[in-house]
Amino acid sequence: MGRKAKFGDDGAVKQIKGPGRKAKKQKPPKMLPGLPKLEGDDEPKKLSHRQKQRASRRSKKKEERKLIKKEKKKGVNKDDNVKNINEVSDATKIIKSEIVKQFSDSNSSWLKSKNSKSIIPEKDDDVESYDSESDIDDEVEEENGLESFDEDGLSDDDDYLAGTLDDVDSSNESGIEDTIKKKTSTKKRKAEESDDELLPIEKAAKKLKAAKKKEDAEANEEMKMQINVASQDVFVFPASDKIDEHIPIPEVEQRIKDILLVLSNFNKFREENRSRQEYTELLLKDLCTYFSYNTFLMEKMMHLFPLEDLMSFLEASETPRPVTIRTNSLKTRRRDLAQALINRGVNLDPIGNWSKVGLVVYNSTVPIGATPEYLAGHYMLQAASSMLPVMALAPQENEYILDMCSAPGGKASHIAAIMKNTGVLIANDVNKNRAKAVIGNFHRMGIANSVISTYDGRHMPQLFKNFDRVLLDAPCTGTGVISKDSGVKMSKDETDLQRCFTLQRELLLAAIDSLNFKSSTGGYLVYSTCSVLAEENECVIDYALKKRDVKLVDTGLSFGTEGFTNLRQHRFHPTMKLTRRFYPHTHNMDGFFVAKLKKFSNIIPKNDETEDNEEDIETNNVDAETTEVQNTVEKPVANIKKPKHGRGKNRVEKNK
């Protein structure tokens, strides 16, 4: 039978598009009683191969149901019930194995019904007769190579596959447990089905909530552990023979926390017959192991910082500081530079209210040191702390300025930009190879008011004098920039420190002697180091205050920590509070020290007789040694021969 025809108003047949309803096979007519039968009516109807298979399966299932019912009726006692359940479960396993074997599909392992049906039906219905419509559908699907499905979406081979035996005996305790298991499995299955119906973004949100819940649980556990540690009364000090034993890093970290807890309230948490020095020595050893410092440098850090700030400083020194750049005001403005870099995929922000030219870069899709703007000299890669000494120096236009240790040229180019290419800038550095970097940066950034020299800074007063302002960024141990150079932690010792602050004292006195105290606009000197040790900072400034007629003045910086006026056995000048210190854990920049001095005269203070003799020797021999120093300025000071007595001129004349 086909589709019924539909006629329009004009009598023409309408053509209906689309598949239409599936044709149904007409049922056989009902014969009235008393009518004669036709030939062939008594013959049985021939079944297809598919129908025969289905009939055989249903007959097998019917026999299995009857067998299970008989076994169920036999059970009276609890023991019999348990046996029956075991027998029934064995029978069920056999049934499942036989059903699985009947799969013709190779993927039978994952074919499961969506609706859970019990293997044991509640009613023992007879095998239903085959519907003509289903027979036609089966034949059509066999021709197309498809598997037939019922209205519920189940295949014939899949019926009664997913089921349990929890309804065999509700009075049995095992049946109750199975019921609980069934409920939990049903909840899980429903949750999985609901997850399948969610959108991808909803699934992601659900995962984030679960992850957050897990993190909160872990945080609570960690907090409980910390409370337990804090609540302990006594820290068990290791035995003397076990102190030098190697222990894992996590245990070292925990022991550091325990010792810090004991030292925070020593009278309460200390162990009897244990001194503070023993705890401090053990803490020193553990910190050296955990952060990979040598004993000398770690001891200096422990003397410098309180214990509560020591861990913060050491941890901050392990992480790199943010990338910062300085706008070259000779070629562009910060707003225009920021817009150009943002268009190239750079994420940046102003460095802070204290700087008008600094930018901090969070991330970038292009290399910051190779953009067209960088090659054109629009900005300079420079640390935030390196901008502070130039801001403290505050150079003016048309001044005569000296940068005594200028390589690689970041601070010198900043000075030239503030001066707007006016006046004269002497950019000096004793290392010729590093001076090449100064030349390259000056050419790239368009600086035209500078003179680059490679003299020893200790001899600058004999070559150049009467500077309005001098910047001395002295060489140091680099304890403030450990995040950039981790080799400092193990390479520096007491000898290196002694050499550094001796050189810094000589350079500072030479820089003061190069200043012109009569300058109408200046007479200022800024001393800076990238170190946090007091021996290289406050000690050097205090030495200069005693040796020259200079005083400390305000740096003009709006933030920073005040310098030390006393530290352990050291006692410094009260005006040392005007200096500024910067730390990684406090200001998120490299460790730095900045001090600003003003010169009042060329008078050299005299403290005792020995110093008087030394100063007289130096003043008498300046003129005689000027020519010799100019010829040998790049040689070490030790190679320059100086007369031993004040009558050096007479000896020179006799030798001639």
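Tutor: Helix 8 passes helix 10 in a right-handed crossing; a crossing is right-handed if the near helix is turned clockwise from the far one by less than a right angle, and left-handed if anticlockwise. The model is a predicted one, in which local features need pLDDT of at least 70 and side-chain atom pairs count only at pLDDT 80 or more, while totals for chains, interfaces and linings use all residues. Residues are numbered from 1 along each chain as its sequence is written, and side-chain values use heavy atoms, with hydrogens and water left out.

Helices (H or I, at least four residues) and strands (E, at least two) are DSSP runs numbered from the N terminus. Two packed helices are described by the angle between their axes and the distance between the axes. Here, the axes of helix 8 (residues 276-291) and helix 10 (residues 307-316) come within 12 Å and cross at roughly 15°. Helix 8 is therefore roughly parallel to helix 10. Angles under 35 degrees count as roughly parallel, over 145 as roughly antiparallel, 65 to 115 as roughly perpendicular and the rest as oblique. Axes are lines fitted to C-alpha atoms, for helices over the stretch in contact, and angles run from 0 to 180 degrees between N-to-C directions.

Helix 8 contributes Leu 283, Leu 287 and Phe 291 to the contact (heavy atoms within 4.5 Å), and helix 10 contributes Leu 307, Leu 310, Met 311, Leu 314 and Glu 315. By class, this contact of helix 8 with helix 10 has seven nonpolar, no polar and one charged residues. Ala, Val, Leu, Ile, Met, Phe, Trp, Tyr, Cys and Pro count as nonpolar, Asp, Glu, Lys and Arg as charged, and the others, Gly among them, as polar.

Within helix 8 (residues 276-291), Cys 288 counts as buried because its relative accessibility is 13%. Buried means under 20% relative accessible area, exposed over 50% and partly exposed in between (1.4 Å probe, protein chains only). Cys 405, at 18% relative accessibility, likewise counts as buried. The structure holds zero disulfides, a disulfide being a pair of cysteine sulfur atoms within 2.5 Å.

As for the whole, the protein chain has 21 helices and 17 strands. Of its 656 residues, 37% count as buried. Among contacts in the protein chain with a separation of 6 or more, 71% are between residues 24 or more positions apart.
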